[in-house]
Amino acid sequence: MGTDVNTQEFSREDRRLFREQVGRCTEAVARMLANGLFTDQGNPPQPLLGMEVELNLVDRAMNPAMSNATVLEAIADPDYQTELGQFNIEINVSPRPFVGGDTVSLEQALRDSLNRAEERAAGTDNHLVMIGMLPTLRQEHFAHQWISANTRYDLLNQQIFAARGEDIELDITGVPLTPGGESERLHTSIDSILPEAACTSLQLHLRVAPEDFADHWNAAQAIAGVQVALAGNSPFLAGRALWHESRIPVFQQATDTRPQELINQGVRPRVWFGERWITTIFDLFEENTRYFPSLLPVVSDEDPLEQLEAGTIPELTELRMHNGTVYRWNRPVYDVVDGHAHLRIENRVLPAGPTVVDIMANASFYYGVLRGLVDAERPLWSQMSFDAAAENLQAASRDGIDSQLYWPTLGWVRPDELVLRKLLPLADEGLQAFGVSADARDRYLSVIEGRALNRQTGSVWQRASVQAREEAGDSREEALAGMLREYIERMHDGAPVHTWDL
């Protein structure tokens, strides 16, 4: 959800002070790295699996339900929080050791929590949906009035439009539902950032030692494309068939602070893959300071450098606020718990859903491949260009399981072949190195294997279901609602998406 903000207006002086404070925070990070002040420095932490799952709300007609305040009151669980749109909520899963059989216990805990939440939400005549992009969202659902009642969200909306100076343009040409068919295009102007709320994701956190951060971040960037290709679940928005993982372009465009002239000049977007491999986490925080003006310049009273000199670990409030408004697909996270600072990587490329076991499989595949690449004798990122990794993400987002990805030693390869030939054994080795039990490894990696063998992701199933319904005579609106109703039934049944028939 992000840090709450109470300030209603920002002055020029606020922005100057905030920039100065972010610079001091960045200097504080440099000093902490140099002086070994992170609690994990020189002593890699026990790996912790943490995740956030964003959820959509629908009514009995499968339309978006603008009811998150009512639903959260009914759920009455602090793990569930508000999100940008009134049709969204989020569950934060407390980190737990990523070893032994705890991975399977996390699956059960998540399933139980979601079942309780759904039962209570149903009491308000609303229902929860784990899906990358709610297919029944229409343009009228992006009106400003549907932003959640949280000052931070409204301020963020104001600041993005103030920086941009004009309405946001969404322009995405989709992938035809049938081979040789016509592409559908979404081209419209929006006067709020609510299309961002359409992009509901699974966010995975991994705490790492500072000296290991760069390797983990580089590895995460290198595999972002294959992650998306194997987990696409966001093919429809505003009645159009778009990309297999439409979250990627929609999120990029919905939070773009640049008018066309700045885009033409090559100004960096706030939703950013990056532009280079890194050697330290400091590279990322320095880029934030150098390239991105503040959106929420809330200034605290603390001086991080004075705190360091006094022997206190600083909260780095401004750095964290600023970092939260630079939307990297793999985001660095600085956090302080019980007076001890640590670092995490937040992986943000994956969509929510379709089922709990699919989510756990996506998480296990990510963590396993990440560890396998970090432990490899020769770093993958020394064998491929950064541009190739960025192009892989775009290709996978558009074409999903049918995309062509670049991989060292293989050249151009389909993601299912890449997974079966290279990445599943690597993921198994990585999970084993983490201490994950054989039963858990088999359970989750077999789901990834099934997707690759059957070539069916959530996006593939959604597209085929809508196509079949339209061929049977449904309108697009009827087909989307019917598909979503069946999707929710199967989501509750819990069988992984690669086993779903039409």
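A salt bridge is a side-chain nitrogen of Lys or Arg within 4 Å of a carboxyl oxygen of Asp or Glu. The structure is a predicted model, in which local features need pLDDT of at least 70, side-chain atom pairs count only at pLDDT 80 or more, and totals for chains, interfaces and linings use all residues. Residues are numbered from 1 along each chain as its sequence is written, and side-chain values use heavy atoms, with hydrogens and water left out.

The structure holds 36 salt bridges. One network of salt bridges links Arg-276, Asp-283, Glu-287 and Arg-328. Within it, Arg-276 pairs with Glu-287, the closest N and O atoms lying 2.9 Å apart. This pair links distant parts of the chain: Arg-276 sits in the loop between β10 (271–272) and α8, and Glu-287 in helix α8, 11 residues apart. Helices (H or I, at least four residues) and strands (E, at least two) are DSSP runs, numbered from the N terminus. Glu-287 is buried, at 2% relative accessible area; Arg-276 is partly exposed, at 33%. Buried means under 20% relative accessible area, exposed over 50%, and partly exposed in between (1.4 Å probe, protein chains only).

Helix α1 covers residues 12–34. Phe-18, Cys-25 and Met-32 are among its buried residues. Arg-16 forms salt bridges with Glu-13, at 2.7 Å, and with Glu-20, at 3.4 Å. Glu-13 and Arg-16 are 3 residues apart in α1, so about one helical turn separates them. Just after α1, Gly-36 takes a positive phi of about 65 degrees.

Terms used: The expected span of a helix is 1.5 Å times one less than its number of residues.
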